[in-house]
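Me: I want to learn how to read strand pairing and a chain contact. Can you take me through them with a structure in view?
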Amino acid sequence: MSSTTHGLGGLKYDPKKRHRPPELNVFVALVAIVALFEVLGRMFVGDSFLFNTRDKVDTLFNEQRLKIIILQVSIIGIIALGVTQVIISGGIDLSSGSIVGGVAMITTAFAQSALNEYGMENVKPILGAEWLDLPIIVPLAIGLSVGLLAGIINGLLIAKFKIPPFIVTLGMMLFMRGVATFVTKGRPISFLQEDYVAIGTGMNPVFIFIGIAIIMHFLLKYTKYGKHTYAIGSNEQAARMSGINVDRLKVLIYAIAGMLSAVAAIVMSSKALTGQAGMGLMYELDAIAMAVIGGTSLAGGRGSILGTCLGALIFGVIISGFTFMRLDAFYQEMAKGIIIVAAVILDQWRAQKQAAKA
Amino acid sequence: MKKSILAASLTAAVLAQVPAAQALTIGYATHHFDDKFSTILRNGSQAYAESLGHEMIQVDAQLDVGRQLDQVRNFIANGVDALIIQAVDSTAAGPMSKMAAEAGVPTVFVNRKPTPLESMADGQAYVASNEVESGTYQTYQMCLQLRAEGKSGGARGYLLVGDLASEAAVQRTIDAEQVVQLDMCNFMEIIGKETAMWQRNEAQDLMTNWLSTGEDFDFVIANNDEMALGAIQAMKAAGISMDDVVVGGVDATDDALAAMRGGDLDVTVFQNAKAQGEGAIDAVLKLVNGESVPREYYVPFELITPEILKTHPELSK
């Protein structure tokens, strides 16, 4: 791209007119929110938000807080990574939260152990005694397949039957929530085996989130898959004319999104040591919000994984910041709502300014 | 619909081998099928009704006030003999109560209290457990335990609140806050109070956020067991010994009882769903027979501690 901007059609390359990466604005917003909590904290709570003020430990930062800021958003963050590419392609995915619920129930049903963490016997196995303590690969493969399958069905219905993504994924959202409650008629699943529990312990959810983020960043930025995804999001007709197999690409995009929801389900149920039918409720909206705050345009064609990661971090900072300020959760929800709308307004304002300059 | 209900009641009458004149068809409108507590409640109710030779038909409002209203209207139109309603919203019970009263169908509200109680028509009854007990038993027992551990010189702790849109979360929170004002328990100071929406995962993250403030604390009160378990998992992950913290929940779920046997959870409170379900059937049958029934009937909550759990008739298994 950069070579073609030189001297075409009488346009001169002007470094001042170069687009500032939109992620930079999100990053500035993140820093501003952190700074706000730091100042407010020192004024009203008498403590630092970022820095360690305790004499017990010898670190500069409050590491525990930095860890929870990212830990508490890494599960929804994993979903948001898949949702970001769906939105970039011009679609939407409302089914991700319900896929989390469905996959969490199915996976944990296959991940039960004969003994629990206290060494007590599992007297009511979900699938019967012969299905206990299976090799860890079995529940993982089943869980990921269910997510993948749900995503493929989403993609096929959207691509082949030309049903709007909103409707298809709304249907899948209801269907998978039904699956989640069907598995045990709403009874929660516990007695998970040690190998399974190990997946979500400590900071593992964060490592999984960052690992997938790097892969997705690479996929969207440097591969044909990624370039075509941006292309169909910008102008689907033009992309089709230029020979992109739009249908196949869409199936692939939703399949990846479905599988990432399944990953989130596995990490979440393993972290909470339980599978519950209500898991992932409304997560689809938080995931979309993270992408939007990160600069992904719901009109398609614009957005990035880096932006979504920053969007997720803003969420994490807000949650921890409000607890730090000892403010109740409904203020959090109000703040999140305001930030989402503000992010879009700023984004449009910037786009208009850029259009005026060019 | 009417035919199927008639057919069902006839089959039930034949199967149960009781005089057909006494076999009643009871419509049971639940707020949500997925809720575990309500599942025990309605299954207990149904088993008891069937053991007495009556037929029970269940419908699920899926947490939708409008849908529940239509379902109750349908039940009345199809001529059920009696109604048991677990209202989606306690303040929306009034219209259903009025409808049933006008149609002359004996009606009992179960588990969720029509608010205000005056919105419940004359001759109807409300069967539940009183939430004033749950949070009070829980926090008072924690107070006793902290005293027994010699911490009556001052103890600090956190309060995990359920979904603030639910009456149980509000009442249990009030209970806890009142107990810590008693002369005997005012050594307890609540230094943080936030909602974790009844969820284990959210409680886990919230507790970790609290731990990051570095405050010392001695107890964690949770409005339900799931949140108590989330807090326990977060504290264990941070290397805190569960012997040093008194943790209390409400519900006595299977997971919570396992954690109690394992020495992690100190206090929970058992709401006897089965007894509520059977109480509702008893009340509605009395109403059908024209006997008088108290407007409010409360099945007591039961305090559960590791000691009590060992010998509890239903939970010790």
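Me: Which residue in E3(B) does B:Ala29 stand opposite?

Reply: This is a predicted model. In it, B:Ala29 faces B:Ile85 of E3(B).

Me: In what sense do strand E1 and strand E3 of chain B pair, and over how many bridges?

Reply: The sense is parallel, over 4 bridges. Strand E1 covers residues 25-30 of chain B, and strand E3 covers residues 82-85.

Me: What is the strand order of the open sheet in chain B?

Reply: Read it as E2-E1-E3-E4-E5-E11, 6 strands with parallel pairing. From one strand to the next, the twist averages 20°.

Me: Which strands of chain B stand at the edges?

Reply: Look for strands with a single partner. Here they are strand E2 (55-60) and strand E11 (296-298) of chain B, so each has one side without a neighbour in the sheet.

Me: Which strands does helix H3 of chain B lie across?

Reply: Helix H3 (residues 65-77) lies across E1, E2 and E3 of chain B. Against E1(B), H3 runs at about 175°.

Me: Now the interface. How many residues does each chain bring to the contact?

Reply: The size of an interface is often given as the accessible area lost when the parts come together. Here, count residues instead: 26 from chain B and 28 from chain A.

Me: Which element of chain B gives the most to the side that touches chain A?

Reply: H7(B), with 9 residues. Elements that each supply at least two residues include helix H2 (36-51), strand E7 (188-195) and helix H8 (225-237) of chain B.

Me: What is that side of chain B made of, by class?

Reply: It has 12 polar, 8 charged and 6 nonpolar residues.

Key
Residues numbered from 1 in each chain as written. Chains lettered and ligands numbered in written order. Predicted model: local features only at pLDDT ≥ 70, side-chain atom pairs only at ≥ 80, totals over all residues. Contact = placed C-beta atoms within 7 Å. Nonpolar A, V, L, I, M, F, W, Y, C, P; charged D, E, K, R; others polar. Pairing = 2+ DSSP bridges. Axes fitted to C-alpha atoms, helices over the stretch in contact; angles between N-to-C directions.
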